[in-house]
Amino acid sequence: MTGYSVTISETSKELTARARVAVKDTTNAVSLDDATKGGPLLIDLDYYVALDVHNEKSEDKDYRKYVVVDKAGTKYVTGSESFFSSLTEIVDEMDGSGEDFQVEVYRKPSKNYKGKEFLTCSIV
């Protein structure tokens with residue numbers, strides 16, 4: 001027993017076994033926090049997943065990570081609830097529309113924490 005486990009709690013599309021295994025490994029994913037430091041990031045969204053992580057070695061033993069995969073196969077990871085909330089609103093609204101869209105991920109100054117920023121996204 002490693003004391004570390006990852007389960008997929010939500011996904012925007014049906015995934016193959018290979019895709020489920022691959023998306024749970026975030027060691028090769030790009031941090032959205034790092035990717036947006038130089039400005040907004042445009043993602044041609046393929047799908048997203050929410051991962052429930054249990055880590056005995058972490059201060060907070062149970063937490064959630066969000067993985068966004070673009071159409072080129074690049075994985076992006078974040079723990080940002082504000083980003084994920086905006087993303088799911090966009091995807092839910094666009095679901096079944098047949099319209100192509102991209103998502104622009106960017107930082108906004110926090111109203112609650114002076115000098116801090118949070119991640120969010122908008123449809124493009």
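Student: Why does Thr120 count as buried?

Tutor: Buried means under 20% relative accessible area. Thr120 comes out at 8% relative accessibility, so it counts as buried. Keep in mind that this is a predicted model.

Student: Where does Thr120 lie, and what is it in contact with?

Tutor: Thr120 lies in strand β8. Leaving aside neighbours within four places in sequence, Thr120 is in contact with Ser82, Phe83, Ser86, Glu104, Val105, Tyr106 and Lys108.

Student: What makes the link between Thr120 and Ser86 a polar contact?

Tutor: The cut-off for the N or O pair is 3.5 Å. The side chains of Thr120 and Ser86 are joined at 2.9 Å, and that pair is listed as a polar contact.

Student: How do you know that Lys13 and Asp46 form a salt bridge?

Tutor: The nitrogen has to be within 4 Å of a carboxyl oxygen. For Lys13 and Asp46 the N to O value is 3.1 Å, and they meet in a salt bridge. The pair links distant parts of the chain, 33 residues apart: Lys13 sits in the loop between β1 (4-11) and α1 (17-24), and Asp46 in strand β4.

Student: Which residues are linked with Glu117 in a network of salt bridges?

Tutor: Asp33 and Arg107 are linked with Glu117 in that network. The closest N and O atoms of Glu117 and Arg107 are 2.9 Å apart. Glu117 lies in strand β8 and Arg107 in strand β7, so this pair ties together parts 10 residues apart in sequence.

Student: How many residues are in the largest nonpolar core, and which element gives the most?

Tutor: The largest nonpolar core has 20 residues, and Leu32, Ile43 and Val68 are among those with the most contacts inside it. Elements that each supply at least two of its residues include β5 (62-70), α3 (81-94) and β8 (117-123). α3 gives the most, with 6 residues.

Notes. Residues numbered from 1 in each chain as written. Predicted model: local features only at pLDDT ≥ 70, side-chain atom pairs only at ≥ 80, totals over all residues. Heavy atoms only, no water. Core = buried A, V, L, I, M, F, W, Y, C linked by side-chain atoms within 4.5 Å. Buried < 20%, exposed > 50% of the residue type's maximum accessible area, 1.4 Å probe, protein only. Helix = DSSP H or I, 4+ residues; strand = E, 2+ residues; numbered from the N terminus. Polar contact = N/O pair within 3.5 Å; in protein donor to acceptor, adjacent residues only side chain to side chain. Contact = heavy atoms within 4.5 Å. Salt bridge = Lys/Arg side-chain N within 4 Å of Asp/Glu carboxyl O.
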